Amino acid sequence: MNFNKYYENLNPELKEYFGIISNNFPKFLIPFIESKTLIRLNDVSYFCGALNASPYVYDFKYDISRLDHSISCALHVWNQSYNDILTLAALFHDATTPALSHVIDYLNGDYINQESTELNLEEYLFYNDKELLNYFKNICVNITDVADFKSKSLVDLSRPKLCADRLDFVFLCNLVWSKVLSLNEIKSIYSHLAIFRNEDGKEEFGFDNVGVADRMVELNDIINNMTRCEDDYEEMNILSIIIKRLMDLNLIQYNDLYILTDNQVFNIIKNCKDEFIRNKFYLYQNMLPNKSLTKAKIKDRKLDPIVNNIRYTKY
């Protein structure tokens, strides 16, 4: 799939969202977006496969792909830095995401950090996308600089600090999942976004208005609570159990998850005759809602942004 085809099929609301983030789309990103590695992410949902889960639990406005999220993260960074390497690091920060995303972290027992599935990008490309690896070399971009996104504070920071990945999470989830956020409000919030130096001397996204920060913390808490509901936890956990069963039956290998898409994995599940998997998948697709907070120890997505060089909780 080429970029024009991707953009043509992109949800109109997301097209407008991209335009709010940056009215200048960096053309140098297009060959990377068209790579085998990133185009695969167009079929890996940002919502961890949950559009196949129970409609009683989830009601998304539409699906968002890991590619959509990767591009918007890159645009956040580009609009604030105009730095090619930082922007590429943002674009590739989810490049090695497996099918079903954080469900596989659940499979690995990584409920709290949800980072167990992250692979070294250079090694991943060596085995799965030599064409892209060669492209990096041909344009004299050091892939190590791009792969090391965790050293790029605008791309990734530990919580409760605000980075592009976290900013995009709050925007996209509230736009499409909670549906309490409009594009007009995103545009308003975005006009108050700025870059500050945090306590560690690193660049960090923040706001020039405490009222806007109030709203961002509120929006973050809405999604944090939704991801900590008992039904969301159970849906993720059930799907991870199904994947484990597929692996036990040798119907799928762990490494396959880094090559397959969500739909390909769900097709394997739907075509499986194993009674255990059939029963679990029925439960996955028919679970009734339970919005009480889970007692399980899982990720707690707190946010404490900077407001005019002062941490929000100290403002």
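User: What counts as a salt bridge here?

Analyst: A salt bridge is a side-chain nitrogen of Lys or Arg within 4 Å of a carboxyl oxygen of Asp or Glu. This is a predicted model, and by that rule the count comes to 15 salt bridges.

User: Which residues are linked in a network of salt bridges?

Analyst: The network links Glu-115, Glu-118, Lys-150 and Asp-156. One of its pairs is Lys-150 with Asp-156, where the closest N and O atoms are 3.7 Å apart. Lys-150 is partly exposed, at 38% relative accessibility, whereas Asp-156 is buried, at 13%.

User: Which parts of the chain does the salt bridge between Arg-311 and Glu-199 tie together?

Analyst: In that salt bridge the closest N and O atoms are 2.6 Å apart. Arg-311 lies in strand E4 and Glu-199 in the loop between E1 and E2, so the pair ties together parts that are 112 residues apart in sequence. Arg-311 counts as buried, with 8% relative accessibility, and Glu-199 counts as exposed, with 53%. Arg-311 also meets Glu-204 in a salt bridge of 2.7 Å, N to O. That pair links distant parts of the chain as well, with Glu-204 in strand E2 and Arg-311 in strand E4, 107 residues apart. Glu-204 is buried, at a relative accessible area of 0%.

User: What should I make of Asp-129, which is buried yet has no salt bridge?

Analyst: Look for the nearest side chain of opposite charge, and then for polar contacts. For Asp-129 that nearest side chain is Lys-36, 6.0 Å away. A salt bridge needs a distance within 4 Å. The side chain of Asp-129 does have a polar contact of 2.8 Å with the side chain of Thr-37. Asp-129 sits in the loop between helix H8 and helix H9. Leaving aside neighbours within four places in sequence, its contacts are Ser-35, Lys-36, Thr-37 and Tyr-124.

User: How do I read the sides of a helix?

Analyst: An α-helix has 3.6 residues a turn, so residues three or four places apart point the same way. Take helix H16, residues 275–286, where Ile-277, Phe-281 and Tyr-284 are buried. These three cover an arc of only 55° around the axis, which puts them on the same side of H16. The face turned away from that buried side carries the exposed residues Glu-275 and Tyr-282.

User: Which helices do the buried residues of H16 pack against, and which residue caps its N-terminal end?

Analyst: The buried residues pack against helix H14 and helix H15. The cap is Asp-274, with a side-chain oxygen 3.3 Å from the backbone nitrogen of Phe-276.

User: How many residues of H11 are buried?

Analyst: H11 is mostly covered, with twelve of its 13 residues buried. The buried residues pack against several elements, including helix H2, helix H5 and strand E1.

How values were computed. Residues numbered from 1 in each chain as written. Predicted model: local features only at pLDDT ≥ 70, side-chain atom pairs only at ≥ 80, totals over all residues. Heavy atoms only, no water. Buried < 20%, exposed > 50% of the residue type's maximum accessible area, 1.4 Å probe, protein only. Helix = DSSP H or I, 4+ residues; strand = E, 2+ residues; numbered from the N terminus. Arc of directions from axis to C-beta. Contact = heavy atoms within 4.5 Å. Polar contact = N/O pair within 3.5 Å; in protein donor to acceptor, adjacent residues only side chain to side chain. Lys, Arg positive; Asp, Glu negative; His and termini not counted.
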